[in-house]
Amino acid sequence: MSFLLVVLIGVLFAAGTYLLLQRSLTQIVLGIGVLANGVNMLILATSARQGTPPIVEGNEPPFTDPVPQALVLTAIVIGFALTAFLTALAWRLWTIEGHDLVEDDIEDRMVARRLISDHHRDVRDREDVDIDSSEDGSPA
Amino acid sequence: MNAVLALPIIAPLVGAALTIMFRHSILQRIISFTALSISLISAIIITVDVSRDTDIAVSRLGGWPANIAITLVADRLAAMLLLISVSLLVIVLCFAIGQGARDEHSPIYHPVYLVLAAGISQAFLAGDLFNLFVAFELMLMASYVLLTLDGTDKQIKSGVTYVVLNVLKSLLLLTAVGLIFAATGTVSMSELPELLAALPVGVRTGLNLLLLVAFGIKAAVFPLYFWLPDSYPSAPSSVTAVFAGLLTKVGVYGIIRTETLLFPGNQANLLLWVAAFTMVVGVIGALAQSQMKRILSFHIISQIGYIVMGVALGTKAALAATVFYLMHHIPVKASLFLVEGIVERETGETEFDKVGGLARRSGFFALLFMIPALSLAGIPPFSGFLAKYSLLRAGFDGDQWLIIGIAIAVSLLTLISMTKIWIGLFWGEIMPPVPAERVGILRHHQLMTLSSAVLIAGTLGVAFMANPLYEFCVGAAEQLINPMMYVKAVRGS
Amino acid sequence: MKTMRSVILDEADRWLFPVVLLVSVYLTFRGHNAPGGGFIGGLVASAAFVLRYLTGRHREDPIYEVFRPHTILGAGMLVSTITALAPLFFGDSLLESHIWKWKIPVFGELKIVSSTFFDLGVYILVIGVVLSILVALGIDQDENEDNPNEAPA
């Protein structure tokens, strides 16, 4: 496993994670793609037994271990389906909302709304008191 | 045995292919039902086989030798979970057909549902880690589609969180599988125990934690649970019932396999804390809610805590209790969601301040809610009590007083939120007002009621037949605690 | 509906479409012991369909009305699953493959492996999936809806 490959895997993981943390679903989809490629590279790089291509016709042993290649191929196919689905999801979100930004957690939003309304009530109460006191004619 | 082990996976897939091609709704129903019935029959045969003759059933695909072939393995735990899952899938299918219109109407509901069934069966039968990963993907892909089937605003928004989180989980699992392959040169669960035991401690712990995080996200344990209460409630009830009953349990199954077969007892302390926090967070989250579906979703989390607790204790009695808990929990949880589905169908709402007086409208329906609700809280005559009792007794034996205290407290809090649902929906004035001829709810949803009732009868059956079933669970625990039984069975066949 | 049509793209599609399909079939069949196979073949064939889609000529072809993407998808899946299932009826295990050999007078020996049918199923399935994706994400999506969005530039 060459040093360059290790660095590349690291870069792919970092870039993928960064994209995954974005608000826009399109960027998240790209992030998943990059991250998945990082994982695939990791599997190929760490677990491949080096040798000739694992094709029976016209090659001499020792063959490269075919199992990681089979694993990665399966993972790629799954990634293909996932990307298609996520893109459709992003498209649908865009049709409904006009943007593809991922919303805050529902619970967070509920708590935030409660906080805001509490705050408004507090402010209103305080203003009421202020008005009352000013009507009395006694300055605070 | 070869054919029977493969059928629960392949029959739904053939069914899925047929239902994609033929979009006539009655034809689709017949195909789905037939395919799942074939699965069910093979699951019954497998379970009978592992509980009587062979302890662990093994099948190698493609007729290849042991170290090359993809193997399907059914030990007692897998066989039991398979049987319960497929039965639940059949019952929920009937429920969805009864529900008609909304979710089942889409031409892709049936094919996707069948793919989900195939994925779940494959997850339980998989004999190697990579196959387990593929099964997860099959199952998750189907679940993504089912969750966003209507394509409404709300579903898409909560679907995004669910999908992204689960994709992340899949990538972690794939990384874990890849690194395990790199470290040992195999992904077969029958060869891994010895090879993993020979690794340095640091590598072992790293691989173990990576697997636990991946499965933990799926199982929704603390602190990886936050996606669940947001995404599950937005799906149609029949879909949520399957998700609640089965999907998280497949994650739990992964945790059980990791902690008993691959890394026996490696992270017991960590898991014990995880279990405690999961129970508490889930139940407290439920107390703050005022909508039936959200309350039930939080209770999924707290119940997972109990199961993980059994795995963490790790003794034979604790594992037997865990298996029994799974046996009790899957039908109970799913039936609560089915009851919720009927409420939603009848009233269009499950908010407490908009619905009321359901008990006055149909006493039998109230009973349908009460039995699984009391069972979930662990009240004596029902299966939940037996499951919790055996779990707590295993805790007593291990002198784990803290976790026992937490488990009992959480159980009481569960009772409180079940009472909350009862007071909110079933007592009081009839709301929203209904014309006199629609008072008896059940007359309008016969198939839905019937399938719920069958499932609830099943939960009563678990309580009624507790003794022989517990014997079976002890057998399953015996296999879990001796990984060599699994290894020998797979290699020797 | 259609405003701009590139003559070059049209001509390229006219000539490339059959060639690409032929290559895809070749890739599928050589996949038994050499690089290739159903998935790769299917992807290459789908590339041909995507090219045709880009030219917009798929609207003129009545065959798209007969074979809907979901039918193709289902058919491919059916062929694959049946091939996987078939050995069970002969007492073998799932996915087991069988080899037939015939001597044909002029052409020499013909060897058919049952897993070829599995590959063919995958080939059809992949084409079905890609066509479904085109339907789901393509421009037709807009036209199907009552209220078409302003298409992004």
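**Chain A, then the helices of chain B**

Of the 140 residues of chain A, 22% count as buried, where buried means 20 or more other C-beta atoms within 10 Å of the residue's own, exposed means 12 or fewer, partly exposed lies in between, and C-beta atoms are placed from the backbone. This is a predicted model, in which local features need pLDDT of at least 70 and side-chain atom pairs count only at pLDDT 80 or more, while totals for chains, interfaces and linings use all residues. Residues are numbered from 1 along each chain as its sequence is written, with chains lettered from A and ligands numbered from 1 in the order in which they are written. The model scores ipTM 0.85 and pTM 0.90.

Chain A has four helices and zero strands, in the order α-α-α-α along the sequence. Helices (H or I, at least four residues) and strands (E, at least two) are DSSP runs numbered from the N terminus. Of the chain A contacts with a separation of 6 or more, 50% are between residues 24 or more positions apart; a contact means two C-beta atoms, placed from the backbone, within 7 Å.

Where chain B meets chain A, the contact takes 24 residues from chain B and 28 residues from chain A. On the chain B side, α6 (129-147) and α7 (153-184) each supply at least two residues. The largest share, 15 residues, comes from α7(B). By class, this side of chain B has 15 nonpolar, five polar and four charged residues. Here Ala, Val, Leu, Ile, Met, Phe, Trp, Tyr, Cys and Pro count as nonpolar, Asp, Glu, Lys and Arg as charged, and the others, Gly among them, as polar.

Now the helix α6(B) itself. Why does α6(B) count as largely enclosed by the rest of the structure? Because 19 of its 19 residues are buried. Its end C-alpha atoms are 26 Å apart, in agreement with the 27 Å that 19 residues should span at 1.5 Å a residue; the expected span is 1.5 Å times one less than the number of residues. Leaving aside neighbours within four places in sequence, B:M139 is in contact with B:L116, B:G119, B:I120, B:A123, B:L247 and B:V250.

B:M139 is also one of the residues with the most contacts inside the largest nonpolar core, together with B:A74, B:L82, B:V308 and B:V323; this core has 250 residues. Helix α14 (residues 316-347) of chain B gives the largest share of the core, 19 residues. Such a core is a set of buried Ala, Val, Leu, Ile, Met, Phe, Trp, Tyr and Cys residues joined through C-beta atoms within 7 Å.

B:L125 lies in helix α5 (residues 109-125) of chain B. B:L125 counts as buried because it has 26 C-beta neighbours inside 10 Å. Not counting residues up to four places away in sequence, B:L125 touches B:L5, B:P8, B:I9, B:L72, B:V73, B:A74, B:A78 and B:L82. B:L125 and B:D75 are 50 residues apart in sequence, yet 8.6 Å apart in space, C-alpha to C-alpha.

Two further helices of chain B can be read in the same way. In helix α9 (residues 201-219), the buried residues include B:L207, B:L211, B:F215 and B:I217. The buried residues of α9(B) pack against α7, α11 and α13 of chain B. The 19 residues of α9(B) reach 26 Å from first C-alpha to last, close to the 27 Å expected at 1.5 Å a residue. Just after α9(B), B:A220 takes a positive phi of about 60°.

For helix α12 (residues 268-287) of chain B, the 29 Å between its end C-alpha atoms agrees with the 28 Å that its 20 residues should span at 1.5 Å a residue. Its buried residues include B:L271, B:V274, B:T278 and B:V281. What covers the buried residues of α12(B) includes α10 (228-231), α11 (237-262), α13 (292-313) and α18 (401-426) of chain B.

Chain C also touches chain A: the contact takes eight residues from chain C and nine residues from chain A. Helix α5 (residues 115-137) of chain C gives the most to the chain C side, with three residues. That side has six nonpolar, two polar and no charged residues.
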